Amino acid sequence: MEEILNNKLSHCLLKLLNREPFFTHLAGHLNRWFTDTVPTMGVGILHGKLTLAVNPAFFQEKLRDDPLRIAVLKHELLHVLFQHPFRQCSTENHTLWNIAADLVVNQYLGEWPLPEGGVSLSMFKEFKLSPGQTLEWYFDWLCQNQKEITHLLPREYFLNESHTLWDSDCSGEQMEALKADMKQIIDHAVSKTLQHQHGSLPGEIQEMLETWNLKTSKIDWHRTLAMFTGSSRKTSVKTTSRRASKRYGTHPGIRIKRHQHLAVALDTSGSVSSKDISTLFSVIRQIWQQGAQITVIECDAVVRKIYEFHGKNPEELLGRGGTDFDPVFRYLRDHPRLQFDGCIYLTDGEADAPTISPPCPLLWVITHGGQTGSHLKFGRSIQLPVDFD
């Protein structure tokens, strides 16, 4: 069943690719989850990842043709584009918040038909609502006119529309990292959309993308790096005979020690400049200063050298050939006894996608001006800002 649904969903995305390629490229970065725990279709955060959830019965029975399915898909992708899953409702009136979000995105469905139960500005034509406003603007208006507009809303909306995946249990740091992920996803979707196809985007969305200035936006890599290293940190209990435990009243005492052993892969291929190498060693030093045990793996097309980092750069680097990500991940898989808590791959990203998945959490750190994109598989990625030090 899931394979059939996947094929039908991919078929719709292929049709959308021909008309509005940006949204198909955007959808390619979202996890798919077929489930009856959502009433219709929705986007949100699940297990720390951006996810498209699809109710099988709704997709196959309620949406009986491709135009309707594409309309709902685009509707959900527009929620991602406008960052709605990351904007928590600060009041108890979640219904009006959801309606306001839908009033925003449904203005941009274009040629795709609004499904039954969808809300639109035309439903409130007697109030002459202004188009192109923000979620917050429509929410305030709905709150002020709640009694007057309730009878105008289709009953199906209250039965189906919940945006349940917007209620995330992510921490503040995780949410910020996900926002950075989302901006990179949108940046990649823009880059994959050919220049002559940008006209398929509504003018307001083109203007919004330009305002965000995604190509040069700075990622809060300090917070992202701290979140990654913190999540892979191990805790051990160590006894000490020097004094009794104040908390437990035992002798010997107990000391909690936090530690982590990270594999840091350093791309030493010819495409990484000497200046970038210096910058990447600054990254290594800052991770080391956080208390991590670091094993550096120098690699271009093959693993060249492996050593422990103790705060001092090596006198020489080996490599300067082509780039292949797989040798590092093969080494990690072939040496399970080393028990790395995570792998950080420092690179310019200029290589084919890896085919071997690492046996531990992975974070890609890309040089400023390096190549980001979907080929950086198996983990999250961040790009260093131009003024990194």
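A search of the whole structure, which is a predicted model, finds 12 aromatic pairs. A pair of aromatic rings is described by the distance of the centres and the angle of the planes. F82 and Y108 give one example, with ring centres 5.7 Å from each other and planes at 25°, and this pair is stacked. F82 sits in the loop between α4 and α5 (94–105), while Y108 sits in the loop between α5 and α6 (135–144), so that the pair links distant parts of the chain, 26 residues apart. Are these two residues, F82 and Y108, buried or exposed? Both F82 and Y108 are buried.

F124 and W141 form another aromatic pair, and here the arrangement is edge-to-face, with 5.9 Å from centre to centre and 70° between the planes. This pair, too, links distant parts of the chain, for F124 lies in the loop between α5 and α6 and W141 in helix α6, 17 residues apart. F124 has a relative accessible area of 0% and is therefore buried; W141, with a relative accessible area of 13%, is buried because buried means under 20%. Ring pairs also link F325, F329, Y345 and W364 into a cluster.

From the rings we can turn to the helices. Two packed helices are described by the angle between their axes and the distance between the axes. For helix α1 (residues 2–19) and helix α4 (residues 66–81), the axes come within 10 Å and cross at roughly 80°. Because angles of 65 to 115 degrees count as roughly perpendicular, α1 is roughly perpendicular to α4. On the side of α1, the contact is made by K8, L9, H11, C12, L13, K15 and L16, and on the side of α4 by D66, R69, I70 and L73. Sorted by class, this contact of α1 with α4 has six nonpolar, one polar and four charged residues.

An open sheet of three strands has the order β1-β3-β2, and its pairing is mixed. Its edge strands, each of which pairs on one side only, are β1 (31–34) and β2 (41–46). On average, and with direction ignored, neighbouring strands of this sheet are turned by 30° against each other. β1 pairs with strand β3 (residues 49–54) in the parallel sense over four bridges, and R32 stands opposite L52 in β3. Helix α1 packs on this sheet, where it touches β1 and β3, and its direction makes about 130° with that of β1. Helix α4 lies across β2 and β3 and runs at about 35° to β2.

Terms used:
Residues numbered from 1 in each chain as written. Predicted model: local features only at pLDDT ≥ 70, side-chain atom pairs only at ≥ 80, totals over all residues. Heavy atoms only, no water. Axes fitted to C-alpha atoms, helices over the stretch in contact; angles between N-to-C directions. Helix = DSSP H or I, 4+ residues; strand = E, 2+ residues; numbered from the N terminus. Parallel < 35°, antiparallel > 145°, perpendicular 65-115°, else oblique. Contact = heavy atoms within 4.5 Å. Nonpolar A, V, L, I, M, F, W, Y, C, P; charged D, E, K, R; others polar. Phe/Tyr/Trp six-rings, centres within 6.5 Å; stacked < 30°, edge-to-face > 60°. Buried < 20%, exposed > 50% of the residue type's maximum accessible area, 1.4 Å probe, protein only. Pairing = 2+ DSSP bridges.
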